[in-house]
Structure formats: structure tokens, C-alpha cells
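Please examine the model shown below before reading on. The paragraphs that follow lead through selected features in turn.

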Amino acid sequence: MGFAASLILGGISVGAVYALIALGLNLTFLTTRTLNFGQGSVMMLAAVAAVLFAGQGMGLYAALLAGIVLVGLVGGLTEVIAIRPIAKLGGSMGWVVTTLGIGIFLQGFVAKYFGSQALAFPSFLFSPRDYVSVFGVRLSAQYLVILAIALVLVLAFEYFLKRTAWGRALQAVAMDPDLASVMGVPVRKVVTLSYVGSGILAGIAGILVAQITGTVDSAFGFNLLIFGFVAAVLGGIGNTWGALAGGLFLGVTEKLVGGYISTAAEQGIAFALLMLALAIRPEGLLGEKEVVKV
Amino acid sequence: MIELKNVNVAYGNIKALHDINLIARPGEITAVLGANGAGKSSLLKAIAGAVQSASGSITINGEDLTRMPTHLRARKGVSLAMEGRRLFRGLSVEENLSIAWSFGPRRTPFAQALEQVYQSFPILKERRHGKSGMLSGGQQQMLIVSSVTIREPQYMLLDEPSLGLAPIIVQQIFGFITHYSNSRQTTVVLAEQMAAMALQIADQGYVLRHGRIVMQGTADELKKADVVSQLSAAYL
Amino acid sequence: MNALRQTVSKILGHPATIIVALLVLWFWPASTDRSTVQLLSFVMLNILLAQSINLLTGVAGQISLGHAGFFAIGAYGSALLVKSAGAPVIAAIFGGTAITAVVGWLLAVPAGRVKEFYLAMMTSGFGLLCFEIIKEWNDVTGGVMGLSGIASPTLKSLTILGMKIDGIDYFRILLVAAAIVLWLLRNFIQSHHGRAFFAIQASEIAAGSIGIDQARTKRRAYSISAAIAGLAGAFYAHLVGYLGPDSFTIMRSVEVLVMAVVGGIGTIIGPILGAVLFTYLPSKLQAFAAYQFMVYGLILMVVFLLFRKGFAGAIAEPARFIPGRALRAVGLTAAGVPARVDASAAQTAQSSVAAAGHQTDAAPLLEVRDLVKRFAGLVAVDGVSLALHPGRITALIGPNGSGKSTLVNVASGIYTPSSGQVILRGKEIGGQASHAIAAQGVIRTFQDPRLVPSFTVRENILLGAHLRYRSSMIASALRLPGVMKEEQAHLLRATQVMEVAGLSGVADQLLESLPYGYRRLTEVARAMMADPDVLMLDEPAAGLSEGELGRLAEVIRYIKSQGKSVLLIEHHMDFVNDIVDDVVVLDSGRVIYRGDMSGMRRDPAVIEAYLGIQQVAHD
């Protein structure tokens with residue numbers, strides 16, 4: 001019981017983070033049908049920046065906040081320089097390549113100026129050793145807090161989307177940008193803000209991952225992007241609850257496979273799931289099939 | 001008042017409107033008639049800013065709209081109901097109305113504005129939480145027109161609201177439009193293929209063919225029996 | 001500017017240049033040091049890699065972020081065949097290549113079903129999966145420690161056919177292999193097979209409408225691309241003698257993409273330039289290593305905005321997609337009799353035009369019976385029956401939303417019928433795939449002409465004859481004499497078609513540079529090349545000028561004179577009036593009138609449908 005439970009809890013916690021990454025991807029997908037292929041580097045940048053700011057004397061929580069704000073701005077910048085100009089040109093290869101380019105650039109930048117060794121990431125949510133006893137089972141406090149943070153964010157995001165004017169505006173832009181425009185929605189602003197929001201979510205996810213692993217280095221990133229994407233695809237891209245469900249499913253599956261089959265297969269299983277999901281049901285468990293008008 | 005002077009619209013190399021001159025006055029319904037492809041939608045979209053006019057000027061009450069982006073024109077009181085019964089189909093009736101209201105002038109509180117809509121169209125109240133994509137054609141059109149009026153527009157542009165609807169529903173919707181625009185002195189431009197129905201409520205009309213105005217006049221002039229054959233020649 | 005680019009292309013593509021380059025490369029290593037020879041070997045490998053991704057991404061339009069995976073499979077495949085199975089090196093290299101080709105084919109099955117960024121993610125996933133497998137499958141791949149002791153010139157352990165192979169010999173083998181692969185690739189891209197890849201990139205739906213089997217073409221693209229990457233991998237294994245997972249990371253996939261994109265995708269010369277640049281730079285600029293990622297990142301960020309056609313596109317006019325030899329044999333102008341033409345080629349062309357002939361029987365070619373098409377609650381087509389006869393032009397008209405386009409989409413195989421039948425020459429075809437229906441002689445055009453923008457008018461039109469080509473991929477790659485004969489025959493026919501369509505003057509101009517009217521006419525001409533029995537045109541008159549309308553009418557009349565059946569969806573009543581035999585009017589998915597144009601104008605049901613005015617019937 002103990003072994004499986006700890007695997008599952010670990011999986012849920014990691015999965016919750018994947019869900020956050022997926023949420024960030026969903027956000028930009030909704031408004032522009034694009035994703036930031038450099039999202040991994042954005043996550044890394046938030047964590048690295050936080051460590052550096054803290055090292056410069058900023059309080060830990062202030063440093064974390066600063067890191068998140070920084071990548072929010074990077075997100076907005078990404079939309080302006082990588083998405084908007086390409087949208088004018090049409091086609092789909094363009095933004096994949098430009099956002100990928102930004103990600104690689106950031107990775108190189110951090111590696112060049114701050115070294116490619118792993119930086120230790122300070123514990124701000126309890127220490128890895130703290131635990132809570134629930135029904136006699138010892139559960140890591142860190143994992144529980146991360147799970148709580150992720151759940152709160154997912155709920156907040158759903159609330160934002162469904163119950164605020166700007167959230168509805170976002171849905172409007174997602175469904176029919178021309179119609180939204182004639183209704184007075186400032187579409188361009190919504191699009192840029194969706195990229196800022198996506199950056200913020202990525203930053204939070206990055207910091208949480210760094211908290212779990214204890215370190216951050218310039219290369220952590222691309223794999224996480226793929227995991228986030230797998231979560232998004234499994235749940236149905238564009239669907240908030242789907243992102244959560246997909247993330248949790250992926251996290252738990254990974255940990256169970258790692259625990260019972262082999263740690264070697266832990267990462268590989270995600271990629272295999274991705275290919276399978278895309279091949280069988282690209283719209284995900286909760287998504288709707290896209291109809292293309294001829 | 002909406003005024004178009006020598007407006008040309010092109011999509012890439014394809015010319016959709018040639019030298020359009022048109023005036024629509026407050027408190028009046030101006031019909032824009034013609035077969036598909038004649039340019040009716042392009043005309044309305046050009047006014048709303050959904051397509052960019054290549055040349056000529058579009059003014060509302062003397063204010064030049066030509067360089068203004070779409071959502072700002074909407075803020076100025078231009079409200080377009082696009083062709084094809086376009087709605088946010090994945091959202092409910094109330095959510096659609098909420099978006100329309102949220103980005104409008106908000107002179108009336110939402111609850112009150114909503115009640116006004118439900119009074120005119122009780123069926124929408126019944127279906128308020130249902131997905132708008134699930135409504136019947138007529139109900140969708142009622143919702144679309146309500147999304148326009150909930151913004152209390154000064155300039156109402158309606159693109160083929162009668163499309164595919166039974167005559168009795170069309171009467172209902174047209175009745176609502178007439179009543180609304182009379183009481184508020186709204187400038188209404190109504191694009192319709194079904195000339196007969198449109199001319200019943202319009203004050204004046206323009207007939208388009210291949211992007212040009214080929215006939216114009218008051219509604220009475222256009223309704224005369226011998227004009228009908230000219231009309232059908234314009235269409236067919 | 002253009003003249004300069006054309007001159008550069010002429011020089012680069014000239015056989016003399018190629019021979020000189022090969023000779024220089026052959027003899028150079030003998031007079032230089034070992035590290036330069038190694039570098040040159042890497043250049044060859046990267047050329048192969050860049051070409052492989054170019055074929056899949058640049059030509060067929062399927063983005064790949066996982067090419068390192070194919071590279072790895074070829075490398076480990078060949079190494080393991082030598083080490084564990086004791087196979088001779090040449091056999092192992094072929095083996096590694098073959099295994100990679102099979103994996104590519106298998107990947108195409110799921111990958112072919114998704115597009116754009118889903119595809120980018122899936123290929124990333126593939127690449128990462130390969131990496132994980134290499135890293136973790138210790139027993140087979142050596143895991144993180146890697147595979148060492150692979151036969152290679154570096155370790156002085158490579159023998160082929162009993163002869164000891166040193167660094168220079170190995171380089172020469174690579175040179176020859178790369179040259180052969182490039183030659184085969186060039187032939188392939190300039191054949192109808194290659195052009196079909198471009199058609200898939202431009203529009204899968206349009207490709208299907210001229211009979212190109214999209215799924216099968218994609219599988220071919222994947223397997224050929226994988227094979228070339230696998231070949232590079234196999235050569236790599238035996239070059240360095242050691243394999244570890246670090247050579248096959250996602251960054252390697254990105255590097256391969258960068259090489260091709262910067263060099264210029266869609267051309268042969270582009271990836272060569274990109275490979276040379278990105279092999280040479282990192283090794284010569286020590287400082288480069290530290291900035292490598294940043295430079296790659298910046299390049300990716302700007303390349304699509306500033307240099308869409310890459311380096312090659314900036315300095316040279318890309319090679320065209322029809323073999324020069326065939327063009328010269330046929331003559332470049334359409335006017336007059338082509339000089340020096342193969343007699344048999346001319347005959348084939350004549351007979352294919354004549355074979356069209358005149359059909360005199362009155363049985364309908366294509367029929368729909370009680371056709372219904374529903375979309376989630378909306379009935380677009382509500383029990384429509386109509387018949388198309390040979391040698392007759394039928395107009396299909398009706399107000400917005402009447403179901404005209406949907407009807408044509410069902411008849412051409414883009415949608416399946418909800419109920420009712422589609423019958424071609426007495427055989428039920430409802431529900432078949434669009435390319436299969438096209439193969440049976442039903443071709444349609446689209447409201448928005450979907451052509452390959454980077455092709456000339458001639459190349460686009462030639463796509464229409466895709467189904468009539470018989471040459472196999474291998475024959476095309478080897479450019480056997482039969483292949484040239486076939487090209488010439490179709491080129492002759494294309495010339496005649498262009499004559500009819502009034503496109504002779506712009507035959508060799510790029511489509512993207514021409515105004516809309518030409519694109520429309522090119523699309524119709526392409527349909528004519530397919531020599532269909534039934535031609536369905538979806539709003540062809542939209543956006544055409546007076547002169548262009550006249551030309552279009554002539555073309556349609558010509559098609560009718562060949563005994564074909566034409567269905568015309570149109571709003572442009574004047575245009576329709578002059579050429580049609582029959583009119584069918586739809587309203588809300590039902591037929592409300594059948595007859596001729598003048599009757600239609602007076603028909604009360606039609607007038608009511610269009611104007612809403614009730615008319616008392618009068619004559």
C-alpha cells in the first residue's frame with residue numbers, strides 16, 4: 001500500500017504540474033491556434049531568474065514573483081515578435097520554428113552567461129523531508145502543497161474563463177475572432193494577453209518543477225513542454241478540465257510505470273502515449289472533433 | 001447618418017464593390033438588395049470595419065471611419081450582425097448576450113438589458129442557459145438581433161437576417177427591428193436577398209449587382225409591380 | 001537582380017561545375033590533414049541529413065522535429081548488424097538504411113493523420129522516444145555508456161570487400177554515395193512523383209481532387225526521407241566508431257532542421273549550402289561553440305520572416321521541377337510545331353487528345369439519386385436527384401445555403417452521403433475517397449483555386465496528368481529513357497491545353513506572381529489535363545474580368561466539344577446564360593426547377609426563392 005500510494009501521490013503531484021503547463025499551452029491555443037514551442041525555456045527562465053534574484057539579495061518570495069513576472073513579459077514579447085508577424089504570412093510551419101527559436105535562444109543565453117551546471121533551487125514550500133500524516137500514511141508536504149497550488153490555479157482559470165468578461169472575451173476570440181471584433185472585443189489585446197498569461201503559467205510550473213527536483217539547469221525544458229502537450233492532448237486541447245485530467249493521468253502513469261516496470265521507461269512512456277493519442281483520438285478524451293470547412 | 005462615398009472594396013485582386021455611394025439616415029431602414037455575390041455583405045462589412053475599403057470614404061455623422069479598427073467602430077455605436085447566423089455557438093444564450101453587452105457602452109445595467117431582451121423574445125428566456133448552437137434557426141436569429149440591440153447601437157447593420165427562416169418568424173424579427181429603430185432613431189442598413197420582405201419595412205433601397213448599384217429609390221418606388229421584373233433581371 | 005540569380009543558378013547547375021566540384025573533392029583529401037578529411041566527411045553526412053529532412057518538410061510539407069530519431073536508427077542499426085550479427089559493413093549499411101525506411105513508413109501511419117503543430121509534436125515525441133530507448137536499453141545499445149568498437153577508419157578497423165579502408169578512402173565512399181543520392185533525389189523531385197509531394201504540401205484536398213492518394217504519398221515521403229537519414233546514420237557509425245545517446249538529442253533534430261531551412265528548403269542546392277555552413281562554422285569558430293544555441297535560436301526566429309527561401313533562394317533561382325531535357329525536347333514555346341521532338345512522344349499526345357472523342361450515347365455519366373447530406377442537425381442536401389450527360393453543360397444555381405457546394409463535395413468524395421446514391425457510369429461510388437473518385441474520371445475545382453504557388457503555370461498544369469503517368473518511383477529516380485518519353489508526351493499535351501486556356505504566354509511564370517484570373521484558368525487547365533469524363537467547376541467565374549470570363553467560356557465550350565459532361569456552380573447569371581444547356585435550381589437543399597435559362601427567369605418558384613416575391617405566373 002505504501003509503495004503504490006507514494007507512487008500515486010508523486011504522480012499526482014507531478015501530473016498537477018503537467019496540467020499547469022498544459023493550461024498555458026491551452027491558453028494560447030484557444031486564442032491563436034498556436035503554442036509556444038519555447039515554453040520549456042520559459043519555465044526554465046522563471047526558475048533560473050528566481051534563483052539569481054534571490055542570490056542578489058531579493059527576498060525569496062519576491063524573487064519568485066519577479067521570475068514569474070519576467071516570463072510573463074517574455075510571453076507577451078513572444079507574441080509580438082514571433083507570432084504576430086508570422087500570422088500575416090499564413091501557414092503553420094512558421095510559428096513553430098520562430099517560437100522554437102526563441103526557446104533555443106533563451107537556453108543558449110542562460111547557458112552562456114550563467115553556466116550550464118545545475119543551480120540548486122531553494123525550498124520555499126516546506127523541505128522535501130517534511131511530511132503530513134493522513135490516515136496513518138506519510139505524504140510529502142511539498143507534493144501536497146504543489147497539488148493544492150495547481151488545483152487552485154485550475155479552478156481560478158476556469159472561473160476566469162467562464163465568469164468574467166475578459167474570460168468570455170477570450171472564449172469569443174477562440175471561437176470566432178471576426179465576430180468578437182465586431183462585438184467590440186479588442187482582439188489583438190486579448191491575443192497578446194493570452195501569451196502573457198501563458199508565460200505566467202509556465203513560470204509557475206517551472207518553479208514548481210524546480211522545487212520538486214531541487215535543481216534547475218539551462219536544458220530543463222523541452223521534455224516538459226512535450227509532457228505538457230501530452231497532457232493537453234490527452235485531455236483535449238483547449239479544455240481546462242481536460243488539462244487537469246490529462247496531466248494527472250500522465251503523471252500517475254509515469255510513476256507507476258517507473259515503479260513497477262522500470263525507471264528507464266518512465267520518460268519514454270509519455271512519448272509513446274503521445275503518439276498513440278494523436279494517432280487514435282487527436283481531439284483528446286474530452287475534446288471535440290475539429291470540422292474543416294471545404 | 002451613414003455615408004459612403006465612392007467606396008471600393010477588393011479582396012486581393014478580386015473587386016467586390018465598385019464606387020459605392022450610399023446614404024442611410026437615422027430613424028430609417030435602408031435596404032441593400034441583390035443576389036449572392038452582389039456585394040451586400042462586403043458593403044456591410046466595410047462599414048463595420050470587418051473588411052478594409054480600398055478607396056473612398058465611410059463616415060458616420062461626419063466622422064471618418066476609414067482608418068478605424070473594427071472594435072473601435074463598435075465602440076462608436078456601429079453594430080453588425082454578420083451573414084450566416086454567426087454566433088458563439090459553444091456558448092449559451094446568456095453568455096452570448098453578456099459578451100455583446102460587456103463590450104458595448106453599458107449604459108443600462110446588464111440585468112435590466114437582459115430583461116428587455118427577454119420581454120421581446122420570451123423564448124430566449126426559456127433557453128437562456130442552453131447552448132446557442134442548439135437553438136432553431138429562428139431563435140438563433142432572435143439572439144443575433146438581440147446581441148446587436150443590447151449594445152444600444154446608433155448604427156445597426158443586419159446581413160440577411162431572414163435567411164432560411166419561415167415567413168412568420170421573419171415578420172416577428174422584422175417587427176422588432178422596426179419598432180426598435182423607430183423608438184431610438186437608429187440608422188438601420190438591412191442587407192437582404194428577399195427583396196419583398198425587406199421592402200415591406202424599409203424606407204429606401206439600393207440594388208446591387210456585381211458590386212455596383214444598379215437601382216435605387218424609396219421603398220414605394222421599388223415596390224411597384226412593374227419594377228419587379230426589373231428587379232428579377234437584376235438578380236437573374 | 002534576377003538576372004544575377006539566374007546566372008548563379010546556371011553556373012551552379014551546370015554539369016561542368018558539378019564535375020569540377022567532384023574532382024576537387026576527390027583529390028583534395030590526399031593533400032590535407034586528417035582533421036580536415038574528417039570535417040569533409042561530416043559535411044557529406046550533413047548534406048544527406050539536410051536533404052532527408054528537406055524532402056519530408058520542404059517538399060512534402062510535413063514538419064519534422066524528430067529526424068535525430070531516424071539518424072539514430074540507421075546508426076545503431078548498422079553498428080549492431082556488424083558487431084552482433086557479424087555482417088559485412090556494406091550489407092550492414094544497407095541493412096541500417098532499410099530498417100530506418102521501414103520505421104519511417106510505420107511512423108507515417110499515425111503521423112499522416114495529423115497536421116501542422118500536432119505533427120510537430122508527434123515527430124518531437126518520436127525523436128525523444130528514440131532517444132529514451134537508446135539511453136535506457138542498455139543490453140542492446142549500451143545505454144549511456146554507448147556502443148564502442150564499431151568498425152571504422154578512425155580505429156583502423158574498417159575493411160570492405162577485404163580491403164583496408166582509411167580516412168581518405170572512407171571520405172571518397174561518402175562522396176560517391178552522397179553524389180548518387182543527390183542525383184537520384186534530383187531526378188525524383190523533377191518527376192511527377194516529386195511534384196505530387198509538392199501538391200500535398202500546397203493542399204491535400206486539392207491533391208486528392210486530381211487523384212493523388214494523400215496517405216500513400218505521405219508514407220512514401222516518410223520512408224524515403226527516413227532511408228536517407230538512416231543512411232547518414234549508418235555512415236556516421238562507421239566514421240566515428242563510437243555511438244552514444246548524446247549525438248541523437250532533440251538539439252540534433254533542431255540542427256538538421258536549421259541546416260535545411262537556412263540553406264533553403266524545397267530546393268536541392270539549399271540543403272547543401274546549409275550543411276556546408278553549419279558543419280564548417282562550429283568547427284572553425286571556437287567562440288561559436290559557446291554561442292551556438294543562441295545563434296541557432298536567432299536564425300530560427302528570423303529565417304521565416306526575412307529569408308523564406310533561405311540562403312539558396314537569396315542567391316539563386318531554384319531549379320525547376322520538370323527535367324530540362326524534356327523541356328528542350330519539346331520546345332519552350334507553345335506556338336507552332338515543337339522542333340526536334342520525339343516522334344513517338346508526339347503520337348502519344350495526339351492519341352490521348354483524340355481518344356477523348358465524341359460520345360453520342362445519351363445515358364447519364366454521373367447521377368445522384370435522392371441524395372441527402374446532414375451535418376449535426378442541419379440538412380444541407382435534402383433529397384436531390386440530378387443527372388449529368390456527356391457533351392452537356394449543366395448549371396447548378398441557388399441562393400446562399402441552398403446546398404450547391406455540399407452536393408458537389410459529396411459527389412466528388414469529400415463528404416460521404418447520409419443517404420441516397422452517387423452513380424458513375426452505372427456504378428455506385430458514394431462514400432469513396434476523393435482521390436479514388438478522381439481516378440475514375442470525375443474532377444472538380446474549388447471556389448478558392450488551390451495550386452502550388454511556387455510552381456510555374458506549366459508545372460501546375462502538369463500535376464493534372466498525375467494519374468496518367470506510368471513510371472515507377474525507381475524508374476523516375478534513375479531517369480530511364482521511358483520516363484523522359486512520358487514527360488515529353490504529357491508536356492506536349494500540356495502545351496495544347498495551355499493554348500486552349502490562353503495561358504501560353506505565362507507558361508513559365510511563377511503562379512504566385514500572377515493575378516487571380518490566371519490562377520483560376522490554370523486550375524481549370526489542370527483539370528483538363530486529367531482528361532476527366534465529368535468536370536465540376538465551383539464558382540469559376542467569381543472575380544474574373546470581362547476578358548477572362550470570355551476565355552473561361554471558350555475553355556468550357558471546348559471541354560464540352562470533347563464530349564465531357566460539365567457541372568457549373570455559379571452565381572454569375574450572365575456568364576452562365578451564354579454557355580449552359582440545362583439549369584438546375586436548388587433552394588434549401590431541394591431542387592425547385594429544372595429546365596433552361598429563360599424558363600428559369602420566369603419560373604415563379606425561382607423568383608420567390610431569390611426575391612421572396614410571389615409572382616402570378618405569366619409568360
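Predicted model: local features only at pLDDT ≥ 70, side-chain atom pairs only at ≥ 80, totals over all residues.

**Core, helix and chain contact**

Contact here requires C-beta atoms, placed from the backbone, to lie within 7 Å.

Leu274(A) also belongs to the largest nonpolar core, which has 386 residues. Along with Val17(A) and Ala19(A), Leu274(A) is among the residues with the most contacts inside this core. Chain C takes part through two domains, since the core draws at least three residues from each of domain 1 (2–315) and domain 2 (366–611) of that chain. As a general background, nonpolar side chains tend to be buried together in soluble globular proteins.

Helix α2 of chain A spans residues 39–55, 17 residues in total. From its first C-alpha to its last, α2(A) reaches 24 Å, close to the 24 Å expected at 1.5 Å a residue. Is this helix mostly covered or mostly exposed? α2(A) is mostly covered, with 14 of its 17 residues buried. After α2(A) comes Gly57(A), which has a positive phi, near 110°.

The contact between chains A and B takes 16 residues from chain A and 19 residues from chain B. On the chain A side, α6 (165–175) and α7 (177–182) each supply at least two residues. The greatest contribution to this side comes from α6(A), with six residues. By class, the side of chain A that touches chain B comprises ten nonpolar, three polar and three charged residues.

Note on methods:
Residues numbered from 1 in each chain as written. Chains lettered and ligands numbered in written order. Contact = placed C-beta atoms within 7 Å. Helix = DSSP H or I, 4+ residues; strand = E, 2+ residues; numbered from the N terminus. Nonpolar A, V, L, I, M, F, W, Y, C, P; charged D, E, K, R; others polar. Core = buried A, V, L, I, M, F, W, Y, C linked by C-beta atoms within 7 Å. Buried ≥ 20, exposed ≤ 12 C-beta atoms within 10 Å, placed from the backbone. Domains from an automatic or database assignment. Expected span 1.5 Å × (residues − 1).
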